[in-house]
Amino acid sequence: LTDDGLPIADAAVMRAALEYAKDFDLPVLTHAEELSLSRGGHMHEGERSVALGLGGIPRIAEDALVARDLLLARYTGGRLHVCHVSTAGAVALIRAAQADGVRVTAEATPHHFTLTDAAVGDYVTAAKMYPPLREAADCAAVRAGLADGTLAAIASDHAPHSPIEKEVPFADACAGILGLQTALPLSLELCRAGLLTPLQLVARMSTGPCDILGLPYGRLHVGAVADVTLIDPQRPFCLDAHSCLSKSRNSPFWGQPLRGAARATVLAGRAIATATAR
């Protein structure tokens with residue numbers, strides 16, 4: 001159950017959602033953003049937003065709503081899932097709540113553990129997203145959260161947009177980036193950095209999400225649905241006009257050399273053709 005990118009502003013509504021969802025053992029997925037603190041913001045609030053003259057979105061906008069929802073999850077006993085965590089404060093709050101028995105899970109996205117607000121550069125709209133790219137300390141905290149299991153899943157946060165939505169002044173641009181085809185190579189960097197083992201990475205991208213949503217997929221065993229991806233972790237990959245399967249081009253990783261791609265996929269026991277990466 002989720003309102004997607006719209007935070008549930010009314011605490012009473014969130015309480016009711018957690019209580020009703022508990023009866024069905026369903027998680028309530030939240031986009032943690034206190035709108036009264038983020039309204040008018042277009043990127044992370046910091047030195048760079050000031051230098052660019054753009055309204056900022058402070059960390060506390062995310063931290064405050066995470067804290068509220070953790071309190072509600074503790075009170076109701078409901079299941080809470082925090083989407084696309086981007087701040088060091090939110091990671092710390094979730095970690096402490098999990099240790100205290102609160103039923104909360106969380107996820108990270110490749111762009112939030114790979115890029116900082118420096119990617120905005122001189123108003124690069126491909127790097128505009130919600131929550132916004134934060135600073136190096138936040139990026140490191142998200143990576144640490146994935147490493148210790150506080151963040152049990154990696155989500156692509158795939159959000160394609162047309163050029164007429166992105167090739168406009170930064171403040172007018174839609175937020176979101178392509179995420180599907182770069183999720184794997186970017187996440188493999190966590191293994192190369194020694195933060196995750198290959199099996200842990202597989203769990204963050206398969207069994208982790210399935211466990212959160214209560215789905216019987218993402219596993220290899222007799223009788224399971226045969227969904228399999230064959231991965232070459234060293235295969236060169238570049239998201240460009242040749243390899244991109246989306247009609248959109250809104251990615252800050254466009255044209256950058258990456259490593260790691262799918263060789264083949266099997267969906268419900270049937271071989272599916274994969275795109276040629278280069």
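A: Start with two terms. Buried means under 20% relative accessible area, exposed means over 50%, and partly exposed is in between (1.4 Å probe, protein chains only). Helices (H or I, at least four residues) and strands (E, at least two) are DSSP runs, numbered from the N terminus. Now the case: β5 is mostly covered, with four of its five residues buried.

Q: What should I know about the model itself?

A: This is a predicted model, where local features need pLDDT of at least 70, side-chain atom pairs count only at pLDDT 80 or more, and totals for chains, interfaces and linings use all residues. Residues are numbered from 1 along each chain as its sequence is written, and side-chain values use heavy atoms, with hydrogens and water left out.

Q: How do I read a sheet, and in which order do the strands stand here?

A: Strands of a sheet pair through backbone hydrogen bonds, either parallel or antiparallel. Two strands count as paired if DSSP finds at least two bridges between them. Here four strands make an open sheet, in the order β1-β4-β5-β6, with parallel pairing. The edges are β1 (27-30) and β6 (153-154); each has a single partner strand, so one side of each is left without a neighbour in the sheet.

Q: How many bridges join β4 to β5?

A: Three bridges join these two parallel strands. Histidine 81 stands opposite threonine 105 in β5. On to the next pair: β5 and β6 are parallel too, over two bridges. There, alanine 108 stands opposite isoleucine 154 in β6.

Q: What is a nonpolar core, and which residues touch the most other members here?

A: A nonpolar core is a set of buried Ala, Val, Leu, Ile, Met, Phe, Trp, Tyr and Cys residues joined through side-chain atoms within 4.5 Å. The largest one has 33 residues, and Leu80, Val82, Val85, Val104 and Leu151 touch the most other members. Two or more residues each come from α1 (11-22), α4 (59-76), β4 (79-82), α5 (88-99), β5 (104-108), α7 (136-148) and α9 (180-192). Among these, α4 gives the most, with five residues. A second, separate core has 18 residues, including Val120, Phe170, Leu186 and Phe237.

Q: How do I read contacts, and which residues does valine 82 touch?

A: Contact means heavy atoms within 4.5 Å. Not counting residues up to four places away in sequence, valine 82 touches Thr30, Ala32, Val66, Ile94, Val104, Thr105, Ala106 and Glu107.

Q: Is phenylalanine 113 buried or exposed?

A: Phenylalanine 113 counts as buried, at 1% relative accessibility. Its place is in helix α6 (residues 110-114). Leaving aside neighbours within four places in sequence, phenylalanine 113 is in contact with residues including Ala108, Cys139, Ile154 and Leu186. Arginine 143 is another of its contacts. Phenylalanine 113 and arginine 143 are 30 residues apart in sequence, yet 5.7 Å apart in space, C-alpha to C-alpha.

Q: What is the volume of the second largest pocket?

A: About 460 Å³. It has 24 lining residues, and Asp4, Gly5, His31, His84 and Tyr130 are the closest to its centre.

Q: Which backbone angles deserve a look?

A: Most residues other than glycine have a negative phi, and most peptide bonds are trans. The bond from tyrosine 130 to proline 131 is cis, with omega near -5 degrees. Proline 131 is in the loop between α6 and α7. Aspartate 157 has a positive phi, near 55 degrees, and is partly exposed at 27%. Alanine 268 has a positive phi near 50 degrees, and counts as exposed at 55% relative accessibility.

Conventions
1 Å grid on protein atoms, 1.4 Å probe; cavity = no way out; pocket = protein on both sides within 12 Å on 5 of 7 lines; lining within 4 Å. Points joined across faces, edges and corners; volume = space filled by probe spheres on them.
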